[in-house]
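Please open the structure in a viewer and keep the selection tool at hand.

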Amino acid sequence: MYALPSHVEALPPMPDDGDRWSALHSWVMPTPSFLEFVTFSRMFADSLDALHTDSSKNNSCLLSSSELEKKNCYCRVLELLVNVWAYHSGRKMVYLDPISGSLEEQHSIEQREGFCWGKYFNITLLKSMDEDLAEAADDNDYPREKWLWPLTGEVHWQGIYEREREERYRFKMDKKRKTLAKLYERHKNGYPQKSLGR
């Protein structure tokens with residue numbers, strides 16, 4: 001993929017078919033697609049970070065093809081990720097010519113049949129992976145000492161919602177118990193009545 005060494009076979013293939021790719025911020029997507037992209041990006045960035053096992057060396061950007069890209073690694077990662085995600089998740093890819101304003105589809109979906117790794121970009125799969133990592137982060141069950149994933153966004157999984165619901169219920173029951181105890185004390189001891197006159 002792009003300038004990666006040929007021995008790296010774990011990444012989805014990206015064709016060199018003469019069409020254009022998105023570069024840095026020249027892409028637009030609707031909100032649901034963006035949320036899916038963010039989920040995918042978290043997984044990918046965490047997996048890429050896991051490849052940096054030797055912490056004694058300075059981490060270099062695995063996706064860079066020049067010194068400038070090594071210095072601006074995260075821009076390069078985002079640039080590549082949006083292309084990988086859009087291509088393999090079966091999104092329509094359109095190039096907007098900045099001079100003429102003309103639109104032209106790139107890497108048409110029909111040409112991608114048989115090349116897309118769609119099953120790995122399925123939102124249901126990504127959400128379940130995201131929830132598994134969120135549960136591990138919530139339990140402080142980190143797979144390695146410096147784990148990037150919890151730093152990539154908010155950590156949410158079903159257990160957090162259940163815990164919050166239990167805390168709200170416990171708070172409500174404590175308040176109810178205190179109110180009942182006050183009522184019982186008043187009933188037992190009666191209300192202090194003021195004297196009617198002197």
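In which helix is Ile 160 found? Select Ile 160: this residue is found in helix 6, which covers residues 158-189. The model on display is a predicted one. Ile 160 counts as buried because its relative accessible area is 11%, under the 20% cut-off for that class.

**The whole chain**

Now display the entire protein. It has six helices and two strands, and from the N terminus on the elements run α-α-α-β-β-α-α-α. Of its 198 residues, 28% count as buried.

**The hairpin**

Select residues 93-96 and 103-106, which are strand 1 and strand 2; they pair in the antiparallel sense over four bridges. Tyr 95 has Glu 104 in strand 2 as its bridge partner. The two strands form a hairpin with six residues between them, and Gly 101 in the turn has a positive phi of about 80°.

**Salt bridges**

The structure holds four salt bridges, and the tour visits some of them.

Select Arg 91 and Glu 36, whose side chains meet in a salt bridge at 2.5 Å, N to O. This pair links distant parts of the chain, 55 residues apart: Arg 91 is in the loop between helix 3 (73-88) and strand 1, and Glu 36 is in helix 1. Arg 91 counts as partly exposed, at 22% relative accessibility.

Next, select Asp 130 and Arg 42, a salt bridge in which the closest N and O atoms are 3.9 Å apart. Here Asp 130 in helix 5 is linked with Arg 42 in helix 1, 88 residues apart. Asp 130 is buried at 13% relative accessibility, and Arg 42 is buried at 9%.

Then select Arg 163 and Asp 138, whose side chains meet at 2.2 Å, N to O, in a salt bridge. Arg 163 lies in helix 6 and Asp 138 in helix 5, so the pair ties together parts that are 25 residues apart in sequence. Arg 163 is partly exposed at 38% relative accessibility, as is Asp 138 at 24%.

**Surface patches**

Select Glu 131, Asp 132, Glu 135, Asp 139 and Asp 141, which form a negative patch. Of these, Glu 131 lies in helix 5 (residues 123-138) and is partly exposed at 38% relative accessibility.

Phe 34 is placed in helix 1 (residues 31-50) and is partly exposed, with a relative accessible area of 36%.

Definitions and conventions
Residues numbered from 1 in each chain as written. Predicted model: local features only at pLDDT ≥ 70, side-chain atom pairs only at ≥ 80, totals over all residues. Heavy atoms only, no water. Patch = residues over 30% accessible without salt bridge, like charges linked within 9 Å, V, L, I, M, F, W, Y side chains within 5 Å. Areas by Shrake-Rupley, 256 points an atom, 1.4 Å probe, with all protein chains shown as cover. Lys, Arg positive; Asp, Glu negative; His and termini not counted. Charge placed at Lys NZ, Arg CZ, Asp CG, Glu CD. Buried < 20%, exposed > 50% of the residue type's maximum accessible area, 1.4 Å probe, protein only. Pairing = 2+ DSSP bridges.
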